[in-house]
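Reader: I would like to go through the terms used for this model. Please set each value against its definition.

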Amino acid sequence: MKTPPVTGLILTGGGARAAYQVGVLQALAEIRRACVVPDTNPFPVITGTSAGAINAAALAGDADDFDRGVDKLVSIWQGFHADQVYRSDSIGVIRTGARWLTMMSIGWVIARWRRLKPRSLLDNTPLAGLLERMVRLERIPELIRDGHLKALAVSASSYSSGEHVTFYNAAEEVPAWVRSQRRAVRDHIGLPHLLASSAIPFVFPAKQLMIDDEPQWFGDGSMRQAAPISPAIHLGAERILVVGAGRMHEPPGKRHVSAEYPTMAQIAGHALSNIFLDALAVDVERLQRINRTLQLLPAEAREKSALRPIDVLLIAPSQRLDDIAARHLDALPLTIRTLLRGVGVSGQGNDARGAALASYLLFESDYTRELMALGVSDTMARRDEVASFFGWALRGEDGHPGEQAAARRHASAVIDPIMPESVSYFSRGSDAAPLPA
């Protein structure tokens with residue numbers, strides 16, 4: 001019997017938007033239960049960035065029971081409140097957000113006579129306590145040793161060196177890779193790595209980690225992440241599921257655009273969207289170009305090539321998460337709403353401004369539940385495609401294996417240029433190969 005390819009899971013960043021990922025995982029678990037599959041971890045290689053790193057580590061900590069791991073994530077994200085992630089009480093907000101805004105506005109006046117050095121807009125101390133309860137990091141080495149997991153990786157960005165660093169723990173001796181402005185470091189992933197990876201710039205404080213026995217300050221791993229898919233390939237994944245946290249393409253048709261000068265919140269939201277979303281979109285487009293180029297090669301030339309095909313299935317929101325966030329701004333604690341109003345977050349629904357910024361901070365169940373429901377809906381709408389990607393056979397009415405859900409896509413398949421759903425990725429066969437590994 002042929003051994004199935006090693007499947008990797010990539011969970012991208014996005015703060016509270018990562019609730020969408022949990023909905024996708026919930027639907028995957030449901031599809032998997034409806035199919036004839038071995039009772040093993042479907043994702044031996046798991047990588048994550050920012051809030052996606054937290055979800056990835058939580059899932060990896062239960063790699064011996066995928067359904068249990070998903071159920072725990074669902075339970076946490078369904079009942080989320082902002083004070084589980086950052087301090088939303090008046091004193092906490094005054095100590096961080098108010099001081100930060102003061103420093104930004106009149107800091108040049110008071111810096112000479114007062115030590116006002118706020119590190120971030122919000123204090124995410126509560127997140128550490130949540131992660132201790134949520135993520136079973138101590139089990140990772142054991143799960144790797146017992147074969148339930150091949151590798152876990154999380155990424156962070158060093159403010160000290162300017163490098164993008166992927167920290168990984170793997171069963172095999174995977175050589176640490178080095179590329180321009182990015183590198184990998186083999187390490188036992190702990191709570192500080194998750195806090196560093198999820199430290200949204202300006203919003204949450206940086207975290208100190210050791211690199212080559214030297215301390216460096218790290219922030220959100222989505223910054224300077226030029227090739228989000230690369231770590232999973234280096235760690236041995238042969239096919240990859242990527243779950244995004246924002247629309248990859250805007251729907252056709254003209255969108256209403258305000259003529260008013262953008263607020264700080266709008267500019268910040270635009271910057272965060274660039275950090276969290278654009279690298280993945282560029283990476284997917286690069287995969288398409290590489291795939292089409294390789295299709296032009298004669299079959300004999302492809303067989304002699306050192307390149308190996310890797311199927312990539314991308315699941316991303318079918319709706320704008322900014323618009324969903326705009327409907328839930330009132331769910332934020334009053335102190336946070338007041339703080340965000342100072343940078344231009346206002347209104348509700350169609351009249352909201354700055355909802356993009358708020359969409360990353362809306363750790364409230366009204367919002368996270370809607371994102372989870374969207375993740376479930378988007379994934380179930382592609383149920384046959386998902387089953388085909390994994391090679392899962394849907395059960396018949398009698399509970400026995402039925403016909404294969406859909407024909408497996410091959411590397412020569414035509415890719416939708418508007419919304420790529422399944423693409424083929426070819427990893428580096430040699431240093432001369434023009435690929436984003």
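Author: Aspartate 220 lies in strand S9, residues 214–220. Strands are DSSP runs of E with at least two residues, helices runs of H or I with at least four, both numbered from the N terminus. The model is predicted: local features need pLDDT of at least 70, side-chain atom pairs count only at pLDDT 80 or more, and totals for chains, interfaces and linings use all residues. Residues are numbered from 1 along each chain as its sequence is written, and side-chain values use heavy atoms, without hydrogens and water.

Reader: Why is aspartate 220 called buried?

Author: Its relative accessible area is 0%. Buried means under 20%, exposed over 50%, partly exposed in between (1.4 Å probe, protein chains only). Therefore aspartate 220 counts as buried.

Reader: What makes serine 50 buried or exposed?

Author: Serine 50 has 1% relative accessibility, so it counts as buried. It is found in the loop between strand S3 (45–49) and helix H2 (51–60).

Reader: Which residues does the UniProt annotation "active site" cover?

Author: The unreviewed UniProt entry gives Ser50 and Asp220.

Reader: Why is H3 called oblique to H14?

Author: The axes of H3 (residues 66–78) and H14 (residues 365–380) cross at roughly 140° and come within 8 Å. Under 35 degrees is roughly parallel, over 145 roughly antiparallel, 65 to 115 roughly perpendicular, and the rest oblique. So H3 is oblique to H14.

Methods:
Axes are lines fitted to C-alpha atoms, for helices over the stretch in contact, and angles run from 0 to 180 degrees between N-to-C directions. UniProt positions are given in the numbering used here, feature names are shortened, and annotations may be inferred rather than shown by experiment.
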